[in-house]
Amino acid sequence: MNMDSQGQTTSLQRLQNVEKRIVKVLELAGGVMDELSSPTGPRKEVVQNHCLDFMQLIKDIQVALRDEIKSACEYRPFENCDYGSRIGSEICFKKLEFVMSQLEAMKQTMDEYHAAV
Amino acid sequence: MEENIQVSLDKLPIKRLDVIEENGLERFPSDLDYDEKRLSLIRRVDFAWALEKDEQKKKQKKTSKEASTPWQWQSMVENLQLAHQELSVIIDLINTVEANDAVTVAGMTRPKPLPNEALSDLAVSAATKLQCYRHVGKYFKQSAKAFEQQVAREARFYGALIRLQQNWKVKRQRLASIAPGNEGFTFDLFDNSYDSEATNRSSALSTVHVDHDAAGMLAINVPPNSCHSLQFGFLGEQSDNILRKSNVNKSNFSSESDLGESGKESLSDEVCVKKSHILLREVHLAIFNEQVFDLVNREAFNSSTGVSVTGIHENYLQLSLGQGTFVFLSLVPSGQDNREVEGAATDDVGNAILPSDTLDGVKLQDGKHSIQKKKKWQFPNSLSYEIYLQQIFHEHIFGRGIGKPISSGTRVSGVPIKDGSGLLGHFSLSLSHRIFSSKVLAELENVVCRVPYLQLITNPTWHSRTSSWTLSMKVPQSILHMGSQSKMSNIALEKNAVKSHFWTKVVVNDDCINVEREGALKDVGLFKGKSEEIHSMNKYDCNLADLPVIILQQVASQIINWLYQEALMVGIKANRDFLCLSFELDQGETLSLVAHVDPEDIDGCISWWLVMEDSFAEERKLHIDITDGASEYRKFLGHLSLDLLYATLMDLIGLCSAGGGQ
């Protein structure tokens, strides 16, 4: 996975943050609309804050997406296939299990010997 | 009348007919002057003259009726009359318009709205806008929520996919016609980094589709029982071995069904990913197992490997490796035993294999009273050969593709590199060797069990067709220096130290046994009657049946050697034969300590006899069976331990030096 130096987040996490920001943006828009539609008239500072946040978030989204698009590397899935070594380690795993069972049998024999003695 | 309507009439010269006489003559009204026309037209609209007239009339009426009391509705009547007149003018106007007098509207001004009307209009429009805003606001918030849920779902899915992608290849097909929930991801488990000739059969298992489960999380569906695992076994093997193996296999992939169904969301994510990963591992291994089975099948029918096929069923192959060894290789669905097929197959095979026995009755070096049965040989653990088979095929299949050399310097497995046709042959040779060496080991263990001062050490050879053991006998220090501590200094001790550590080495190459003894320079030749100091052959081959006897003879002669050296240390010259140490007494009599080896002896394998001969019995030494005891006297000493032997020796020496006697 790509580990970025900024904030030690992976690119997946950054994209997830972008999505969260989009959700937030939608919520802000809804909030502004609600504020505008309030029967007592909109409170200016609320609307202003919302709009500021909105613009800020849009800017963040743009920046993040641009970075991600620039830094997206080509997905080469079929280089350095490790399936062979994976089978090798499965075989090693089986060997380990076997050795462990042998050791347990030995231990059992020893215990029986000590018990008999 | 609140509106001012300005009307201008077009001056069309339309003549109105005034009268038509009977003779068709038309009489028009006389043309008026233009101004008069206008005036008359205006008059038609302008009510001023009418009003004046009315006023005059009214005045006249008023002056005529001043005396009468005014009627309260009088003004209303007058207003209505006025209105009536105005209406009649308007009706005339309308008639004029209808009669095609073109009338154009020059302009119209909006009536000035009353203030409350303006406000209410504003209020209505404002309220409509607010309603729209509210509607839009609700829409935004709903979309935000829905989007959030969608994002969360997809985050779970793609998070799981990325974690799995760290280990497995992911491919994607963007199909337009797929279901909306399916993005077309697949896991590709086919390894294309090795030679294709080895693996023509691309398994149907290689592509695993990625689906969504009910919660939108990544899920993999693999048809049950489609994954096979390799099973290798010896025909005639005890069933509990096979059961043990299948339990081991099951424990690999037993799903953690006991984990969090009641867990949190994040916990079950982990569990999902782990389950999928385990499934993929299973499938991947199953593909490999199928490849191995394929290759074994192919090589088995190649007659040059020395292995012949004795039975075939679906997913089952039975081979004969020679020397009466029958093995089978089968693909069983994971988690099941292929017992029925194996049971049917054993009918085909004769009982060429020793029946295996359990281990009860064999105790370790216990005491004199322990009953030690000879351990019967049983098959080596077939699981290890299953693994070995997988390993060598794995090295062949994958090792060449990656380009690393198969036989590295440290581990010489002896796999032929050529084109893989020798893999099965190599495997069968290794297997035969292992079976043979396990038999050898059984014999050695039987011997060593019953000789208390003998130790069996295994020497690892790191070669699949060679095995080696050492039988070591070490004389304890306490015995060695028993008699000599007061006499010699330490340095002299080391120089004249009697050899106290004896070993015999057994090496098995394929199925040849080679016994080697630590070569003392003055060693006694084999089976030679005379005690001569010659260079002996320290190494010789033997077969399995003779092995125990030969080992025991070696050990006994080593003991004799030791005793001889001890005697020399004390200063007595004794005569040494292969298994016999003899001292001369004064009258030409010889007192001999003779070793007797018997592998079948339950109490111990090496026993000792004390034989006293007179001088006339020299020539009878060559006779193998000494049955008559006329000229000699034999006493059975039993199975002596080393310190007892030493004590016996010292007694004998004492007897010799004391001179004669019995």
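In chain B, helix H9 meets helix H12 through B:Val440, B:Glu443, B:Leu444 and B:Val447 on the H9 side and B:Leu547, B:Pro548, B:Ile551 and B:Leu552 on the H12 side, where contact means heavy atoms within 4.5 Å. By class, this contact has seven nonpolar residues, one charged and no polar. The model is predicted, and local features need pLDDT of at least 70, side-chain atom pairs count only at pLDDT 80 or more, and totals for chains, interfaces and linings use all residues. Residues are numbered from 1 along each chain as its sequence is written, chains are lettered from A and ligands numbered from 1 in the order in which they are written, and side-chain values use heavy atoms, without hydrogens and water.

**Helix packing**
- H9(B) covers residues 423-450 and H12(B) covers residues 547-570; they pack at an angle of about 45°, with axes 10 Å apart.
- The two helices are therefore oblique to each other (under 35 degrees is roughly parallel, over 145 roughly antiparallel, 65 to 115 roughly perpendicular, the rest oblique).
- The crossing of H9(B) and H12(B) is right-handed, meaning that the near helix is turned clockwise from the far one by less than a right angle.

**Aromatic rings**
- Over all chains there are 12 aromatic pairs (ring centres within 6.5 Å; planes under 30 degrees apart are stacked, over 60 edge-to-face, the rest tilted).
- The ring centres of B:Phe232 and B:Phe234 lie 5.8 Å apart with planes at 75°, so this pair is edge-to-face.
- Ring pairs link B:Phe232, B:Phe234, B:Tyr385, B:Tyr388 and B:Phe427 into a cluster.

**Burial**
- B:Phe232 has a relative accessible area of 2% and is buried (under 20%; exposed is over 50%, partly exposed in between, with a 1.4 Å probe and protein chains only).
- B:Phe234 is buried at 0% relative accessible area.

Terms used. Axes fitted to C-alpha atoms, helices over the stretch in contact; angles between N-to-C directions. Helix = DSSP H or I, 4+ residues; strand = E, 2+ residues; numbered from the N terminus. Nonpolar A, V, L, I, M, F, W, Y, C, P; charged D, E, K, R; others polar. Phe/Tyr/Trp six-rings, centres within 6.5 Å; stacked < 30°, edge-to-face > 60°.
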